[in-house]
Each structure stands twice: as C-alpha cells, then as structure tokens.
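Welcome! Let's take a friendly walk through one protein chain, beginning with a single residue and then stepping back.

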Amino acid sequence: MTEGKSALMMMLMMMVLIMAMAMVASAAQGTATFYTPPYVPSSCNGFQNDGVMIAAASDTIWNNRQACNKRYSVRCTGATNAGVPQPCRGGTIIVKVVDYCPKGCQGTIDLSQEAFAMIADPRAGKIKIEYNQ
C-alpha cells in the first residue's frame, strides 16, 4: 500500500470511530415500562394496526404530538428496583411512537409488552434505558 493510501485509510477509520462515539454519546437516558394489548385505538393513528414494535411517549418525548410515528432505538441498561437485579437481555430494538402516555406515566417511554420483552425480563416492570431517535 502506498503512503497516501495508508494515510487515507487511517483518516477514514478515525472518522468512523468518531461518528460511532458521537452516536453513543448522543443517547438519552431514561426509563421504560410496558403496556398490554389492545394497542388500538392509538392517539396517533386511531384504529390503524401498527403491529407490536410500538410505544407510547411520555411528556419527555411527546412534544404536543410531534413524536407521532417517529422511530426510537431503545436499549436496556439496567434495573430500577431490587425485584429483578439483571433484567436486560441485550440488544437494541426500534419502536414507533403511536400513543401518548399521560401525566403520571411511570417511564420515559412505555413500550408494548412484546417490545419490552425483547430487551428485558417483563417481571422487572420498569428498566433503565438509553434511547435516541
């Protein structure tokens, strides 16, 4: 490899690393709970069936319906209580906001039961998360 190509490859690798670090750093911290079916009607889409990879947004995200139909990646980061000390199952899910979780909502985002179960043990009820749009 020539010296110029080597320098270019090194620069590209550094850019990818910086972008990856920025994505991790930009994740917001919060909590997630879950709700159970039926999932329709929803505040955003009425009686439209949006599947099960959905969520209801708390006031933190809702922003006067601006969150409707936006997708969020959500990752479990830990327990919020002593009931299930290690609830996380690993991985990240993508959910679409289709509903509003009213005042008194116990989490930043209220996931469908199915979405919650993909990233955490449902017996936990509430988990710490990182999320971003």
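## A hidden alanine

Ala55 counts as buried because its relative accessibility is 0% (buried means under 20% relative accessible area, exposed over 50% and partly exposed in between, with a 1.4 Å probe and protein chains only). Its place is in strand E2, residues 54-57 (strands are DSSP runs of E with at least two residues, helices are runs of H or I with at least four, and both are numbered from the N terminus).

Leaving out residues up to four places away in sequence, Ala55 touches several others, among them Tyr35, Val97 and Ile109 (contact means heavy atoms within 4.5 Å). Ala55 and Ile109 lie 54 residues apart in sequence, yet their C-alpha atoms are 6.6 Å apart in space.

## The barrel

In the order E1-E5-E2-E4-E3-E6, 6 strands close into a barrel with mixed pairing (two strands pair if DSSP finds at least two bridges between them). Strands of a sheet pair through backbone hydrogen bonds, either parallel or antiparallel.

Strands E3 (residues 71-79) and E4 (residues 92-100) run antiparallel and are joined by 5 bridges. Here Ser73 stands opposite Ile94 in E4.

## The whole chain

The protein chain has 3 helices and 6 strands, following the pattern α-β-β-α-β-β-β-α-β along the sequence. Of its 133 residues, 38% are buried.

## About the model

This is a predicted model, where local features need pLDDT of at least 70 and side-chain atom pairs count only at pLDDT 80 or more, while totals for chains, interfaces and linings use all residues. Residues are numbered from 1 along each chain as its sequence is written, and side-chain values use heavy atoms, leaving out hydrogens and water.
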